[in-house]
Amino acid sequence: MISSFRERLSYRFENFMAKGGMSIFVSLLILFVISLGLAVLIRWVVLLIFPGTDIFESIFTHIWNVFLAMTDPGNMGVDSEASAWLKFTIIIAGILGVVIFSMLIAFITNQLEKTMWEFRKGRSRVVESGQTLILGWNERVVDIIRELVIANESERRARIVILAEKDKVEMDDEVTTMVPDTLTTKVVTRNGITSSLANLNKVSASEAKSAIILGSCGQGASDEVKQVSDSRVIKTILALIACQEGENRINIVAELFLESSRQLVETFESNLITSIDSWDILGKILVQTSRTSGLAVVYNEILSYDGGELYFYEADWGGIGFYDCLFHFPDGVPLGVRKADGSLLMRPPKDEIMEEGDEVLILAEDDSTIKFAKQAVARPVDLPFSYTRLEQRRERELILGWHSIANIVVSEYADYLLDGSEIDIVVHDPSERIISQVQALRDSNTSLKINLINGNPMSFGDLQAVKPFGYDNVIILSQNQEEDSAERTDSETLVILLLLRKILRDSAVMKLSTKIITQVLNSENQELITQTNVDDFIISNKMITMILAQLSEEPRIKELYDDIFQEEGSEIYIKPASLYFDSLPQKVTFADLMGLALKRDEICLGVRKKSQAYQPDKNFGVKLNIEKNTSLEIEPEDCLVVLAEDDL
């Protein structure tokens, strides 16, 4: 087929213009030269037709005048004494100049906008070292940034670099809106696939100090979707190792949903790669919190960088006993010892001696305030003490709603409750899947009575029918298995809390013994939840982010999680002060409380004031790591926060 000249010309012009900005600029320049030539030609024709009107001596003067008029219409005054025909030609030149330069200005403006947009897309390589990488994007990113900002507060120049398959401008806008003050930390975002070596090199992954790899779905997703998310995370781990020339040198914290995926990560045989089942930990915290009111606040302070923090600290111990060294820290409460062989002993034996190379795991305000003093900074008074324990009894637990975390909650309860205790689960129109899961829990936990009740927790009548305040604990979970919207889930939780409050107000209950514990997804809803007088609430996403952030800074902390978030070993409890005193109230120092706790083979971390239990500005009454010589007034309803073997 033979193409016409017009088609060939159009095709070549199209290819030329497709080259971008430079071709447009060249086209405008050519158009300007052609227009200048046309204007000069018109003026020359006028001079030939009307020669008597020529008041200039040279054709070059006419060309110059036309050029001046085109570049600046204000120069048309050069022909003020010329004839009308010459004035007409200068007007044409001015109009042509305005049109062409308007096109040029529009082109320059457009190119500047494109350039600025390209800058905002962040295509350049991140020239940083020692940064924390966040690979992936989900609803927990903002809370992770908040935690890392607090953790980096003592650093002069900290960096967080985010690489995710999300538009950079959207990421920047969300971070700026939700975290307006990042203190000494700068947040840099880049768009790209997290498992791409090119993208990891673009964010200088090999120069990072740690990396947090996030899952691409929520806990409520199906196993198939979770498998896809885990595969991406594992592929990203492999890419991170590859960009370090095959030898991992940075702390990697991976969010994995399936046990098979976590077992696969263990084959990397690197103590710098940590994979966690965050929802398993949350389920255990829910159960522990239901056992001890106020425990969620304690965990929130210990796991967060805003308040007391956990550190490993080594010093010249001089052969001191572990329990003697508790009183040798002006700031900090030791919880355990990490031996030179790497083993961690929480609440070690009474005769434990600190040796060279040992590190204490200590709860302190900041790592800069930890100092081991050769002499004791405080001495506990030997107060009267009679050993008593709480009596364990059968309990009734009520779970409102169903979520995959419920399997963990019920299994954990089996480790704590006496045989014959009862767990009722209220679900609106339970599916066959839920029915089979509950039956599997019955089969594996025969010591408990597990009942599935078909009812709508968001219905006042259905909720009132189960008599919720006849139970020891009420745990509110997500009403939506898919958990597709944190706002929807939290809104439904608020409705249930308000219904419970109405039921309590309408009942004749004089003294409430039921504790209400709820799971909250969005940390922004904390203030709304506190208005309902709930006993404890766990902000799921925030709790997960605190764990991820701490592990990215200190991967050895996982050994602590493995110990305190299970029934075996030492755990944190909030116990009534009446277990430690023969009579109350008492005025004592914090060192005295530590001494009393040691008589029960426990370590005292702080206190909880009952009078402040519903005051958010008082941290709900929880005070940890108190200066050891501080005088405290302990009332009958106050409690001690302790590290102990059990809650009795």
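Predicted model: local features only at pLDDT ≥ 70, side-chain atom pairs only at ≥ 80, totals over all residues.
The largest pocket has a volume of about 1,200 Å³ and is lined by 33 residues, among which Arg291, Ser293, Ser513, Lys515 and Pro576 lie nearest its centre. Two or more lining residues come from helix H10 (278-291) and from strand S17 (571-576), with S17 giving the most, namely 4 residues. By class, the lining divides into 14 charged, 11 nonpolar and 8 polar residues.

Lys515, one of the residues nearest the centre of the pocket, also belongs to strand S15 (residues 515-520), in which 6 of 6 residues are buried. Both faces of S15 are covered, with Lys515, Ile517 and Gln519 on one side and Ile516, Thr518 and Val520 on the other. Strand S14 (residues 473-476) runs parallel to S15 and is joined to it by 4 bridges, and Ile475 stands opposite Ile517 of S15.

The structure holds 24 salt bridges, including one between Lys209 and Glu553, whose closest N and O atoms are 3.5 Å apart. This pair links the loop between helix H7 (197-202) and strand S4 (210-213) to helix H18 (residues 540-553), across 344 residues. A further salt bridge, between Asp601 and Lys350 (3.1 Å, N to O), ties together parts that are 251 residues apart in sequence, because each partner lies in a separate loop. In the salt bridge of Glu359 with Arg556, the closest N and O atoms are 2.9 Å apart; Glu359 is buried, at 14% relative accessible area, whereas Arg556 is partly exposed, at 26%.

Methods
Residues numbered from 1 in each chain as written. Heavy atoms only, no water. 1 Å grid on protein atoms, 1.4 Å probe; cavity = no way out; pocket = protein on both sides within 12 Å on 5 of 7 lines; lining within 4 Å. Points joined across faces, edges and corners; volume = space filled by probe spheres on them. Nonpolar A, V, L, I, M, F, W, Y, C, P; charged D, E, K, R; others polar. Buried < 20%, exposed > 50% of the residue type's maximum accessible area, 1.4 Å probe, protein only. Pairing = 2+ DSSP bridges. Salt bridge = Lys/Arg side-chain N within 4 Å of Asp/Glu carboxyl O.
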